[in-house]
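This report describes the fold of a single protein chain. Its sequence and structure are shown below.

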Amino acid sequence: MKTAAPLSRRRFVTSAVAAGAGALALRTFALPAADRALSEVSFLVITDTHLGYQDKDAAEKQWLKTAAELARAPGAFVLHLGDVVDGGREPQYARYLEGRKLIGKTVHEIPGNHDPQELFERHLRKDVNLAFEHEWLRVLLINNSRTESHDGFITPEQLAWLGAQCALAAKAEQRLLFAMHVPVHTNAAPDRGWYVKPAHGQREFYALLEKHATRTIALFHGHFHNGLRGWDDRAPVHEISFPSALYNLDRKLAAKPAPGYNLPEFRPGFTRVRIRDGVLELAYQPVGTAEPATKQLSLKPV
Ligand SMILES: [Zn+2]
């Protein structure tokens with residue numbers, strides 16, 4: 001329905017009721033966007049391709065196989081959560097880009113600790129910070145890794161940028177998804193122990209997240225090579241480290257006192273993400289196999 005004159009939301013609802021409009025119109029227009037039923041959004045996630053690993057071409061071959069499957073998989077776009085190449089091997093970026101061409105979808109990368117920011121900016125994207133919108137979702141990508149450390153770092157400048165982006169999302173009534181290579185979530189032994197330590201921005205990031213928790217869907221990370229590993233103690237916000245497209249290790253976390261979850265699948269693969277009303281569905285697809293390992297997570301009820 002189009003109206004020539006601006007109409008307040010309440011007046012519009014009233015007139016919609018008067019016009020005998022159905023429940024759908026009421027639901028769509030009476031509630032703030034953040035509380036609306038979400039239309040389904042689906043996309044693909046890859047991470048830790050490590051091209052040039054051990055100076056062999058196995059990683060490149062695996063990447064080409066993965067790219068061919070990503071081309072066939074349904075999804076509006078692809079997120080690559082870092083460690084595109086291994087050990088900053090610059091010639092590998094061109095090989096990565098050759099594989100990326102096969103996908104036929106937009107791929108948004110972030111650097112990992114193996115991707116010096118200077119090389120990432122030269123070969124993949126000049127501005128590392130990236131915000132993009134897809135339907136009702138605003139995706140925020142930053143580089144929280146450093147080549148000299150396995151830990152994550154979120155600087156005051158990055159926090160300011162994220163804060164401004166969150167404010168834009170609030171204004172536009174969008175949901176938020178954060179992508180950064182290193183998990184923010186504390187993960188002591190038996191886990192990796194690699195995260196954004198309190199002295200390196202963890203406290204400040206979580207303070208920002210707290211303010212936007214109701215509109216945040218998840219924090220997406222790579223870095224761990226532990227298959228699909230996640231934590232939901234900040235539910236409904238989910239914190240997830242995605243499976244590497246090159247290799248994953250089974251740290252037997254399910255049998256140990258480690259919080260969160262770890263799917264029993266460790267082959268190289270990618271993940272199909274579907275977000276629909278109240279559900280975040282992750283389907284971890286090992287490359288070259290038919291059956292994904294899936295995990296369903298609850299989102300804030302709407
Ligand atoms: Zn890494």
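## Basis of the description

A residue is called buried if 20 or more other C-beta atoms lie within 10 Å of its own, exposed if 12 or fewer do, and partly exposed in between, with C-beta atoms placed from the backbone. The model is a predicted one: local features need pLDDT of at least 70, side-chain atom pairs count only at pLDDT 80 or more, and totals for chains, interfaces and linings use all residues. Residues are numbered from 1 along each chain as its sequence is written.

## Overall composition

The chain comprises seven helices and 15 strands; these elements are DSSP runs (helices H or I, at least four residues; strands E, at least two), numbered from the N terminus. Of its 302 residues, 40% count as buried. Two residues are in contact if their C-beta atoms, placed from the backbone, lie within 7 Å. Among contacts in the chain with a separation of 6 or more, 70% are between residues 24 or more positions apart.

The buried residues of α3 are Ala59, Glu60, Gln62, Trp63, Thr66, Ala67 and Leu70. They lie on the same side of α3, because they cover an arc of only 155° around the axis; the arc is that of the directions from the helix axis to the C-beta atoms. Exposed Lys61 and Arg72 are on the face turned away from this buried side. The cover over the buried residues of α3 includes β1, β2, α4 and β13 (269-276).

Helix α4 (residues 92-103) buries Gln92, Tyr93, Tyr96, Gly99, Arg100 and Ile103. Since these cover an arc of only 120° around the axis, they are on the same side of α4, while Ala94 and Lys101 are exposed on the other side. The buried residues of α4 pack against α3 (58-72), β2 (78-80), β3 (107-109) and α5 (117-123). Just after α4, Gly104 has a positive phi of about 70°.

## Leu44 in strand β1

Leu44 belongs to strand β1 (residues 41-46) and counts as buried, with 23 C-beta neighbours inside 10 Å. Apart from neighbours within four places in sequence, Leu44 is in contact with Leu70, Ala73, Gly75, Val78, Phe270, Thr271 and Arg272. Leu44 and Phe270 are 226 residues apart along the chain, yet their C-alpha atoms are separated by 7.2 Å.

## Helices α6 and α7

The axes of α6 (residues 156-171) and α7 (residues 202-211) come within 11 Å and cross at roughly 5°. This makes α6 roughly parallel to α7, a term for angles under 35 degrees. Leu159, Leu162, Gly163 and Cys166 of α6 meet Glu204, Phe205 and Leu208 of α7.

## Backbone features in loops

Most residues other than glycine have a negative phi, and most peptide bonds are trans. His223, in the loop between β9 (216-221) and β10, has a positive phi of about 80° although it is not a glycine. With 28 C-beta neighbours inside 10 Å, His223 counts as buried. Lys252 also is not a glycine and has a positive phi, of about 55°; Lys252 is exposed, with 10 other C-beta atoms within 10 Å.

A cis peptide bond with omega of about 10° joins Ala189 and Pro190, and Pro190 is in the loop between β8 (175-179) and α7. The bond from Ala235 to Pro236 is cis, with omega near 10°; Pro236 lies in the loop between β10 (229-231) and β11 (238-241).

Terms used. Axes are lines fitted to C-alpha atoms, for helices over the stretch in contact, and angles run from 0 to 180 degrees between N-to-C directions. Angles under 35 degrees count as roughly parallel, over 145 as roughly antiparallel, 65 to 115 as roughly perpendicular and the rest as oblique.
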